[in-house]
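Keep the 3D view open as you read.

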Amino acid sequence: MANLSKQEWTALENKAYELRKMCMQTTMWAGSGHIGGGLSVMDLLTVLYYKYLNIKVDEPQWEDRDRFILSKGHAAIAYAPVLCDKGFNDPEMLKTFNLSGSKMGMHLDSNKIVGVDASTGSLGHGVSIAAGTALAARLQNKDYLTYVVTGDGELGEGSNWEGFMTINHYELSNCIVFIDRNHCMIDGPTEEVMKLEPVADKMRAFGFNTICVDGNNIGELCDAIDVAIARSKEKCAPTCILMDTLKGAGIKSVAGDYHCHYMALDDDTFTKYSKELEEDYRNRLARVEKEGK
Amino acid sequence: MAGGFVYNAIDQTEVATAEIYGKAITDIMLKDPKVVAITADLAKSTKLGDVLKVCPERVINVGIAEQDMFGVGAGMARAGMIPFISGFSAFTSMRACDQLHTDICYQNVNAKIIATHAGTSFGQAGSTHHAIVDLAITRAMPNLTVIVPADGIETANAVNAAYANNGPYYIRINRGFDRVLYDTQDYGFEVGKAVEIHPGTDITVIACGSCVFQAKQAAEFLENADGLKVRVLNMHTIKPIDEEAILKAVMDTRRIITVEDHSVIGGLGSAVSEVMAKSGKGCAFKMLGHQGFAPIGLHEDIMSAVGIDANGIISAVREVMKADFEEDDNWDDDV
């Protein structure tokens with residue numbers, strides 16, 4: 001049983017479903033895209049942008065805003081629809097995603113796309129940048145929080161672990177780290193390409209208060225974020241939320257399959273996947289009834 | 001002069017170049033609470049001792065982790081602070097190259113990189129700690145201004161200029177003491193503008209960093225010994241390069257030698273030759289610098305062995321002065 005009310009949870013599920021459809025539509029317009037890792041992290045993007053982040057759409061550079069850093073920058077195909085839906089950017093831009101001459105490329109440029117706190121794409125950069133924004137908050141006596149999400153395959157980049165050490169050393173509990181553990185990378189399952197387990201133990205060994213959740217369960221995600229935010233009020237060990245997710249979450253026929261890392265959609269697959277998304281949405285609403293308050 | 005802090009010749013005969021950086025950054029940090037100093041276990045080596053005494057909370061040491069250092073700096077800059085990121089130039093340019101490229105330059109953040117122990121000034125530490133390709137790397141990075149000060153006073157000027165101007169800067173300074181070139185900060189330092197150290201009409205030596213003093217010595221010697229008028233330009237800013245000064249040297253002297261404590265590929269010599277090639281103007285030209293990995297030794301011994309000291313410059317000048325291309329050349333026909 002999650003702490004989230006059924007009403008709020010349902011609203012978030014509605015939004016997540018809407019955003020998943022926008023992600024699919026953007027992929028159609030673009031011709032192809034990083035659907036797999038986009039859909040695995042979509043529930044986190046939804047709860048952060050529609051429940052937690054303290055941001056102002058009409059003042060995107062507000063200096064006291066919460067920061068969000070998508071270290072797994074290739075999930076832009078999921079992030080761009082969120083930033084357009086929130087009103088930071090014109091949704092018409094999604095029709096140009098990944099096209100020649102567009103401001104909205106495969107990896108979002110923080111100097112071109114409104115609302116993006118860091119230009120990511122090269123993996124293993126976001127954690128250190130997040131450590132920097134969190135340190136700046138401490139030095140400037142600001143209360144804003146920094147949220148950063150890395151992929152799991154991305155953790156092969158040693159720079160992440162440098163960043164984790166800094167977050168731990170400076171007790172940056174105002175920096176909340178998420179790991180999108182979808183178990184897949186381009187060449188195959190993570191454990192076959194490069195063993196990553198035990199991830200939770202590794203994060204604990206690096207000093208993080210580590211909470212393991214189903215990252216595609218909005219109720220569980222919110223419960224964990226509530227704990228992390230409560231801990232952020234004082235300088236202490238930082239929190240890592242290790243999200244067990246499915247690559248391509250929401251589309252039954254590809255979910256969990258590493259081949260969906262980057263996909264092209266045609267009319268037939270789009271129709272098929274749309275139906276599967278709808279079916280997943282209904283199942284999620286049933287879960288809300290069962291697990292919501 | 002930006003910044004308003006004054007250093008004199010006495011300062012730089014008493015303290016190493018990096019210590020002048022330490023004093024300059026301390027002055028700036030005392031004035032501006034938005035400035036932070038970030039280092040990777042080199043607070044002492046990069047002379048942040050004074051800052052540690054006056055505002056220790058704004059010295060961020062990330063341990064031996066240069067990639068993290070740049071990411072943290074980019075994040076702090078994005079959050080409105082002005083980071084001065086200092087480390088050995090070998091590692092600021094190479095170990096954290098991707099972070100410099102993407103986090104700092106692509107995002108065009110207001111971060112300043114102080115790359116110490118530049119060129120072969122780490123001497124006996126050898127090629128693992130020499131930085132002879134950093135200018136090639138940083139010069140190619142969009143948005144990045146690249147400065148190689150010639151001595152301590154110029155370092156103070158460069159640091160103050162970097163602070164006064166928005167955007168990423170890469171300032172490359174030597175380990176230890178530099179030979180004193182300037183006795184005052186008021187010699188007209190301006191980012192992107194070469195400074196004439198010695199007048200001349202026969203040949204121009206364009207130098208940067210530790211090689212500027214050597215070029216000045218060579219010019220003074222050649223004037224007395226050979227009666228040659230050697231123009232010496234201190235090209236402290238490698239990017240944006242002073243095209244006007246280079247083209248003027250081409251037209252006035254038609255013989256140019258570049259000298260740098262860096263590979264002959266991609267650094268000052270390359271920058272100068274690009275300007276000359278674009279102009280379509282012919283010129284006798286020689287590049288002095290590292291042809292390969294440097295030997296181990298004291299900095300001055302390495303400079304001597306590689307031929308980028310005064311003796312090496314004198315030999316090169318005499319060689320280039322023998323080029324007699326002018327007789328069969330028609331400047332009126334130039335493209």
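Two strands are said to pair if DSSP finds at least two bridges between them. Helices (H or I, at least four residues) and strands (E, at least two) are themselves DSSP runs, numbered from the N terminus. With that in hand, look at strand S5 (residues 145-147) of chain B, which pairs with S10(B) in the antiparallel sense over two bridges. Within S10(B), B:Thr237 is the residue opposite B:Ile147.

A word on the model and its labels before we go on. This is a predicted model, in which local features need pLDDT of at least 70 and side-chain atom pairs count only at pLDDT 80 or more, while totals for chains, interfaces and linings use all residues. Residues are numbered from 1 along each chain as its sequence is written, and chains are lettered from A and ligands numbered from 1 in the order in which they are written.

Now zoom out from S5(B) to its sheet. It is an open sheet of seven strands in chain B, with the order S2-S1-S3-S4-S6-S5-S10 and mixed pairing. Strand S2 (59-61) and strand S10 (237-239) of chain B are at the edges with a single partner strand each, so one side of each has no neighbour in the sheet. On average, neighbouring strands of this sheet are turned by 20 degrees against each other, direction ignored; axes here are lines fitted to C-alpha atoms, for helices over the stretch in contact, and angles run from 0 to 180 degrees between N-to-C directions.

Which strands does H8(B) lie across? They are strand S4 (112-116), S5 and strand S6 (169-172) of chain B, and the helix runs at about 170 degrees to S6(B). H4(B), in turn, lies across strand S1 (35-39), S2 and strand S3 (82-88) of chain B, at about 165 degrees to S3(B).

H8(B) also has a helical partner. Helix H2 (residues 17-31) and helix H8 (residues 152-164) of chain B pack at about 35 degrees, and their axes are 9 Å apart. Residues count as in contact if their C-beta atoms, placed from the backbone, lie within 7 Å. Among the residues making this contact are B:Ile20, B:Ala24 and B:Ile28 of H2(B), and B:Ala156, B:Val159 and B:Tyr163 of H8(B). The contact has eight nonpolar, four polar and no charged residues, where Ala, Val, Leu, Ile, Met, Phe, Trp, Tyr, Cys and Pro count as nonpolar, Asp, Glu, Lys and Arg as charged, and the others, Gly among them, as polar.

H4(B) leads us to the other chain. In total, 26 residues of chain B are in contact with 23 residues of chain A. Helix H4 (66-78) and helix H6 (97-106) of chain B each supply at least two residues of the side that touches chain A, and H4(B) gives the most, with nine residues. By class, this side of chain B has 10 nonpolar, 10 polar and six charged residues.

Is S4(A) largely enclosed or left open? Seven of its seven residues are buried, so S4(A) is largely enclosed by the rest of the structure; a residue is buried if 20 or more other C-beta atoms lie within 10 Å of its own, exposed if 12 or fewer, and partly exposed in between, with C-beta atoms placed from the backbone. Both faces are covered: A:Cys175, A:Val177, A:Ile179 and A:Arg181 are buried on one side, and A:Ile176, A:Phe178 and A:Asp180 on the other.

S4(A) has parallel partners. Six bridges join it to strand S3 (residues 146-151) of chain A, with A:Gly151 opposite A:Asp180. Five bridges link S4(A) to strand S8 (residues 239-244) of chain A, again in the parallel sense, and there A:Met243 is the bridge partner of A:Asp180. As for S3(A), six of its six residues are buried, so S3(A) too is largely enclosed by the rest of the structure. Strand S2 (residues 67-70) of chain A pairs with S3(A) in the parallel sense over four bridges, and A:Leu70 stands opposite A:Val149.

Conventions:
Contact = placed C-beta atoms within 7 Å.
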